[in-house]
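Biologist: Hi! Could you walk me through this one?
Modeller: Happy to, here it is.

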Amino acid sequence: MADTLSVTDNRTGKQYEIPIKDGVIRATDLRQIKAGTDDAGLMTYDPAFMNTAACRSRITYIDGDKGILEYRGHPIEQLAEHSTYLETAYLILFGELPTSAQLASWTHDITQHTMLHENIKKLMEGFQYDAHPMGVFLSTVGAFSTFYPDAKNIFDEQSRKKQIHRLIAKVPTIAAYAFRHSIGRPYNQPDNELSFTGNFLNMLFKMTELKYKVPPALERALDVLFILHADHEQNCSTSAMRAIGSSQVDPYSAMAGAAAALYGPLHGGANEAVLRMLAEIGSIDNVPGFIKRVKAGEGRLMGFGHRIYKSYDPRAKIIKRTADEVFEVTGTNPLLKIAIELERIALQDDYFVTRKLYPNVDFYSGLIYEAMKFPVTMFPVLFAIPRTAGWIAQWEEMILDPEQKIARPRQIYTGSARRDYVPIEKRK
Ligand code: CMC
């Protein structure tokens, strides 16, 4: 059997053989199909890229029907159980789990870059006290491009490596400073004797004590959450990272755009939206009424549904377990009962079942963050910190892919036909 697609253009009666490779046809192979001599050729129309592969990638594999997520072939469940965020970030960025020596050197390199330039701190101080930390985060990442102009050398491997170290190391510091700024407390310097997440907790929550005592259960829970959020193949923010990066701009500018995409309530802002939704529902008694309104099209059940997963999001399963471990330390979150009731009803309701809407990564993560005393505005920032590994791995893969060019989709023009300029006094 030939790996081709036979196409008959009924407008002309002509036949075409389109090669199929790796289960796809090349959209540009359709350009030869023309209705007439002035026809530019057939295009595909795919708003929101529902069925278009824009790259080849070796980083993350998802099977949405089976609920499988793997980084570089390693199942997310195994990484969540045995790995750390820094080790997983190494795996995502460099393709293999590190040896002990490689992990020690990687950890050293990241630890060396945790501090922020004093002028970056000053820049952050310029924000209003009530500035959303995600707005502060994405602006500060963008501003990095002015502090590290060497990042423009995107085809220099050593330069790329340096920006990778800076980005992975500095995002928790930016996030922590954005948080401290919002509550009017002084910034805490990074403590390089602590783990990646231990130091992050230190920069967030240390008060007058000389040495911050990291709560081990929370340190591990945050690490697991960071592993789960580290990459998710061609999602909205990663596609933004690749599209902006395809103009060959520096990675900080590209990542500011990726973080902006993550900010939206349909993407990384969903965990914040879930918490607001649960608070608005207020009590279990109000759950049936809320579900009724969602089914009537008055708003969405936030934290449910996914473009790719049409079964239970594997990350949501792990997060549910992690939530129990965190609540043992912090005490349970009163909104948990509402979330469990929403899930119970939704999983047996025809509306959600037929549309294959299951809890996604954001449904329970916000409850954990809230129990850990993060304000809701920090939730998308907590997503952005680990996703940095995925963004820059995907960006570097794109930079090194000889098939990639500047991203430039086509359009179907539906506006006015050519018409003449009318002087203003003659316009109706
Ligand atoms: N609540 C109620 N109905 C929903 C929901 C929801 N959360 N999600 C989808 N639907 C319905 C939607 O109305 C549509 O129904 P119909 O066919 O009758 O018009 C059908 O399900 C298909 O939805 P869609 O909007 O075409 O699906 P999509 O693939 O474009 O959207 C999504 C995916 C994640 C944006 C969407 O499910 C959603 O808005 N969910 C809530 C927000 C959320 O939790 N986002 C986090 C995603 S996971 C983490 C991340 O990527 O950042």
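Modeller: Keep in mind that this is a predicted model. Let's begin with the ligand: 20 residues surround it, and the closest are His267, Arg300, Leu301, Gly303 and Arg307.

Biologist: What kinds of residues make up the shell around the ligand, by nonpolar, polar and charged?

Modeller: The shell has ten nonpolar residues, six polar ones and four charged ones.

Biologist: Which polar side-chain atom lies 2.7 Å from an oxygen atom of the ligand?

Modeller: One belongs to Arg300, whose side chain places a polar atom 2.7 Å from a ligand oxygen. Arg307 also takes part: an N or O atom in its side chain is 2.7 Å from an oxygen atom of the ligand. Then there is Leu266, where a backbone N or O atom lies 3.1 Å from a nitrogen atom of the ligand.

Biologist: And how much of the ligand's accessible area does the protein cover?

Modeller: The ligand has 940 Å² of accessible area on its own, and the protein covers 73% of that.

Biologist: Okay, new topic: strands. How do S1 and S2 pair?

Modeller: Strand S1 covers residues 4-9 and strand S2 covers residues 14-19; they pair in the antiparallel sense over six bridges. If you want a spot to look at, Asp9 stands opposite Lys14 in S2.

Biologist: What happens between the strands of that hairpin?

Modeller: Four residues sit between the strands, and Gly13 takes a positive phi near 80°.

Biologist: Which residue other than glycine has a positive phi near 55°?

Modeller: That would be Asp22. You'll find Asp22 in the loop between S2 and strand S3 (60-63).

Biologist: Is Asp22 buried or exposed?

Modeller: Asp22 is exposed, with a relative accessible area of 57%. The cut-off for exposed is over 50%.

Modeller: Gln248 is another one to look at: it is not a glycine, yet it has a positive phi of about 70°. Gln248 belongs to the loop between helix H9 (236-245) and H10. With a relative accessible area of 48%, Gln248 is partly exposed.

Biologist: You mentioned S3. What sheet do S3, S4 and S5 form?

Modeller: Those three strands form an open sheet in the order S3-S4-S5, with antiparallel pairing. S3 and strand S5 (74-75) stand at the edges with a single partner strand each, so one side of each has no neighbour in the sheet.

Biologist: And what holds strands of a sheet together in general?

Modeller: Strands of a sheet pair through backbone hydrogen bonds, either parallel or antiparallel. Here, strand S4 (residues 68-71) and S5 pair over two bridges.

Biologist: Let's switch to helices. How many of the 13 residues of H10 are buried?

Modeller: Ten of the 13 are buried, so H10 is largely enclosed by the rest of the structure. Among the buried ones are Pro251, Tyr252, Met255 and Leu262.

Biologist: What span should H10 have, and how far apart are its end C-alpha atoms?

Modeller: H10 runs over residues 251-263, and at 1.5 Å a residue it should span 18 Å. The end C-alpha atoms of H10 are 18 Å apart, which agrees.

Biologist: Nice. Where does the side chain of Thr140 reach?

Modeller: It reaches the backbone oxygen of Val136, at 2.6 Å. Thr140 lies in helix H5 (residues 133-147), and Thr140 is buried, with a relative accessible area of 1%.

Biologist: What about Thr111, which helix is it in?

Modeller: Thr111 lies in helix H3. A polar atom of the Thr111 side chain is 2.5 Å from the backbone oxygen of Thr107. At 19% relative accessibility, Thr111 counts as buried, because the cut-off is under 20%.

Biologist: Where is Ala104 found?

Modeller: Ala104 is in helix H3, which covers residues 100-111. Ala104 is partly exposed, with a relative accessible area of 48%. From Ala104 to Glu87 it is 17 residues in sequence and 9.8 Å in space, C-alpha to C-alpha.

Biologist: Last one: is Val287 buried or exposed?

Modeller: Val287 counts as buried, at 0% relative accessibility. Val287 has its place in helix H12 (residues 287-295).

Definitions and conventions:
Residues are numbered from 1 along each chain as its sequence is written. Side-chain values use heavy atoms; hydrogens and water are left out. A residue is near a molecule or strand if one of its heavy atoms lies within 4 Å of it. A polar contact is a pair of N or O atoms within 3.5 Å; within protein, one must be able to donate a hydrogen and the other to accept it, and residues adjacent in sequence count only if both atoms are side-chain atoms. Accessible areas come from the Shrake-Rupley method with a 1.4 Å probe; for residues, only the protein chains shown count as cover. Ala, Val, Leu, Ile, Met, Phe, Trp, Tyr, Cys and Pro count as nonpolar, Asp, Glu, Lys and Arg as charged, and the others, Gly among them, as polar. Two strands pair if DSSP finds at least two bridges between them. The expected span of a helix is 1.5 Å times one less than its number of residues. Buried means under 20% relative accessible area, exposed over 50%, partly exposed in between (1.4 Å probe, protein chains only).
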